[in-house]
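Here's a quick briefing on the model below. Have the viewer open and follow along.

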Amino acid sequence: MATTRTDLGSPEELSEREQRAVEAQLFRLADDEYIQAERYTFWQVRAPTLESDLAVANNAQDELGHARLWYDAIQMFGYTEESLLWESEPDDFQHSTLVELPFSEGDWADAIVRGYLYDVAEDVRLAALEDSSYEVIRNRTSRIQGEEDYHVELARSWLERMATDEEASERVQAALDRLYPYALTLFEPVGDVEADIEELGIRTASLDEMRGEWEERITAFLTDLGFEVPTDAEPATPTGRDNQHTDHWHDLHEEMVSAYRNLGRHEATKLMDDE
Amino acid sequence: MSSEPDGPEEYDRPRADAEAAPCGYTDYETKERTAEEVPATGEGAEGLEREVWAALYEVEDPEMPVSVVDLGLIYGLELDDGKATIDMTLTYSGCPAREIILEEVEEAAAGVDGVDDAEVRLVWAPDWSLDLVTEQGKEALREFGISVER
């Protein structure tokens, strides 16, 4: 569908309705990327090879960079980094519950499957934002796409390798069964604002369309490797998008803001501050 | 649960800043540029503008001894009544040296006689790629040991 939509213009030109819809799209982008990166840190010191330590660290750095781009875009509306992150409450966040789950101890397949399910979804989502009616999203999407290709490639190559080993295959299948319902929450709505996101052309595909494309892609690849994709599963609850999260998120959030709180901070100190 | 749709149906991320509103934040991508229009290198610049470009040339990427101008990171320079506004991008969104680089560029421009104030606007379009590195920059990268051949 290549309908020409009115460009929404710069941040200060948005109507209240437009800003609300733009923010809703930006928050899920920022929160998903940020929390995915936070969780990756677990594997940075535990991956099975030095090469994978690097790969995981690199993925995490990419996602942090992307989260920064999206949070920057949110800050154009007057929010501050302090309010968005360090002085936040756990239920301020709208990331999918997939990214907040702790990794299963010692289960590398868990990390790979999660990365794969997430990164394909990310790819599908970015494609739907390429022609966004909001320039800030459009420009950043293009930049991020160039840095995401490698993530899917890495996950695919590990899955191909694991599929040749019986025990590894069992772990992959178990992780897939466990994580799939959580991955579906990536395509859950945050509320009635969803209709505006589509109507205003902020995103050019619906959540259902994106879920369909994602399912098709991962099913084709995983089935080919001999895995069974539980396509009749229902999205896990809570979804995260509804500001409700698993207890795991509350623990991670606590860790995330602890340094800021323990230091009695009231602003995020910047590198190279003048004073 | 209330009967009005302001429960989970209603979208609203709680705001810690009650007064949050679009403000004078200057990071807007205000100018649409095509891929052909970037980078800006100051070629043919004269007078004060030329001096600002010379100062920008002195700023190197923290990880390699190559000027940010030769890396093709500067997308635009405007001088208006003693104020320099520089549009620039970064090679990588996750660049950990973002603040250092931006600060150095601002300081370099502000250090030029005749410039009272300098501001860097970070922009993300058009995409940056190795193609934007100048010939001089490619030479510097080769000397540093980075292959730039495609």
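Start with one residue: A:Ile74 touches A:Glu23, A:Leu26, A:Phe27, A:Ala30, A:Tyr79 and A:Leu84, leaving out residues up to four places away in sequence; contact here puts two C-beta atoms, placed from the backbone, within 7 Å. This is a predicted model, where local features need pLDDT of at least 70, side-chain atom pairs count only at pLDDT 80 or more, and totals for chains, interfaces and linings use all residues. Residues are numbered from 1 along each chain as its sequence is written, while chains are lettered from A and ligands numbered from 1 in the order in which they are written.

**More on A:Ile74**

- You'll find A:Ile74 in helix 2 (residues 50-75) of chain A; helices (H or I, at least four residues) and strands (E, at least two) are DSSP runs, numbered from the N terminus.
- A:Ile74 counts as buried because it has 23 C-beta neighbours inside 10 Å. The cut-offs: buried takes 20 or more other C-beta atoms within 10 Å of the residue's own, exposed 12 or fewer, and partly exposed is in between, with C-beta atoms placed from the backbone.
- A:Val22 is 52 residues away from A:Ile74 along the chain, yet their C-alpha atoms are separated by 8.9 Å.

**Chain A overall**

- Chain A has nine helices and zero strands.
- The radius of gyration of chain A is 19 Å, close to the 19 Å that the globule rule gives for 275 residues, so chain A is as compact as a globular protein of that length. That radius is taken over C-alpha atoms, and the rule is 2.2 Å times the number of residues to the power 0.38.
- The C-alpha trace of chain A spans about 55 × 50 × 30 Å along its principal axes.
- Among the 275 residues of chain A, 43% count as buried.
- For contacts in chain A with a separation of 6 or more, 79% come from residues 24 or more positions apart.

**A helix pair in chain A**

- Helix 4 (residues 108-127) and helix 5 (residues 135-162) of chain A pack at an angle of about 145°, their axes 9 Å apart. Axes are lines fitted to C-alpha atoms, for helices over the stretch in contact, and angles run from 0 to 180 degrees between N-to-C directions.
- On the helix 4 side of chain A, the contact includes A:Ile112, A:Gly115 and A:Tyr116, and helix 5 of chain A brings residues including A:Ile144, A:His151 and A:Trp158.

**Chain B and its sheet**

- Chain B comes to three helices and three strands, in the order α-β-β-α-β-α along the sequence.
- Buried residues make up 32% of the 150 in chain B.
- The three strands of chain B form an open sheet in the order 1-2-3, with mixed pairing; strands pair if DSSP finds at least two bridges between them.
- Strand 1 (residues 74-80) and strand 2 (residues 83-88) of chain B pair in the antiparallel sense over six bridges, and B:Ile74 has B:Met88 as its bridge partner in strand 2 of chain B.
- Those two strands of chain B make a hairpin with two residues between them, and B:Asp81 in the turn has a positive phi of about 50°.
- Strand 2 and strand 3 of chain B run parallel, joined by six bridges, with B:Ala84 opposite B:Ala118 in strand 3 of chain B.
- Helix 2 (residues 98-110) of chain B packs on the sheet, touching strand 2 and strand 3 of chain B, and its direction makes about 150° with that of strand 3 of chain B.
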